[in-house]
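Subject: Structure handover

Hello,

Here is the structure I promised to pass on to you. Have a look at it first, and my notes follow below.

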Amino acid sequence: MALISRRKYGVLLFFMMYLVFVMIITSSPAFCSQGQNALGPRIRELAPDFILKDLDGKKVRLADYREKVVLLVFSTTWKAP
């Protein structure tokens, strides 16, 4: 009898953990359809403008490259890309 109740509690615990997992995943910003998600802009949307310094120390704006293809590579100085 004790074995049956342990199995019931195990199945119940597994089912509850599964529901919590599904609720957490589906409530994340990546699955929300309202506004911009956590993954950033979608295809055909403009990326937010930002300013960075290049290797010479000059400021470069993303908006200066509108209508062009831009590839951004963020790397470290101590490891090869």
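What percentage of the 81 residues in the chain is buried? The answer is 4%, where buried means under 20% relative accessible area, exposed means over 50%, and partly exposed is in between, with a 1.4 Å probe and protein chains only.

Two notes on how to read the rest. This is a predicted model, in which local features need pLDDT of at least 70 and side-chain atom pairs count only at pLDDT 80 or more, while totals for chains, interfaces and linings use all residues. Residues are numbered from 1 along each chain as its sequence is written, and side-chain values use heavy atoms, with hydrogens and water left out.

Overall layout

The chain has 1 helix and 2 strands, arranged along the sequence as α-β-β. Helices (H or I, at least four residues) and strands (E, at least two) are DSSP runs, numbered from the N terminus. Of the contacts with a separation of 6 or more, 0% come from residues 24 or more positions apart; a contact means heavy atoms within 4.5 Å. Accessible areas come from the Shrake-Rupley method with a 1.4 Å probe, and for residues only the protein chains shown count as cover.

The helix and its patch

Ile-24 sits in helix α1, residues 2–26, and is exposed at 53% relative accessibility. Ile-24 also belongs to a nonpolar surface patch whose members include Phe-14, Tyr-18 and Met-23, with about 1,000 Å² of accessible area together. Patches are made of residues with over 30% relative accessible area and no salt bridge; like charges are joined within 9 Å, and nonpolar side chains (Val, Leu, Ile, Met, Phe, Trp, Tyr) within 5 Å.

The salt bridge

How many salt bridges does a search of the whole structure find? There is 1, with a salt bridge defined as a side-chain nitrogen of Lys or Arg within 4 Å of a carboxyl oxygen of Asp or Glu. The side chains of Arg-61 and Asp-49 form this link, at 2.5 Å from N to O. Arg-61 is in strand β2 and Asp-49 is in the loop between α1 and β1, so the pair ties together parts 12 residues apart in sequence. Arg-61 is partly exposed at 37% relative accessibility, and Asp-49 is partly exposed at 35%.

Around the strands

Lys-58 lies in the loop between β1 (51–53) and β2 (59–61). Lys-58 is exposed, at 52% relative accessible area, and touches Leu-52 and Lys-53, leaving aside residues up to four places away in sequence.

After β2 comes the segment that holds Glu-67. The phi of Glu-67 is near 70°, a positive value in a residue other than glycine, and Glu-67 is exposed at 83% relative accessibility.

Happy to go through any of this with you.

Best wishes
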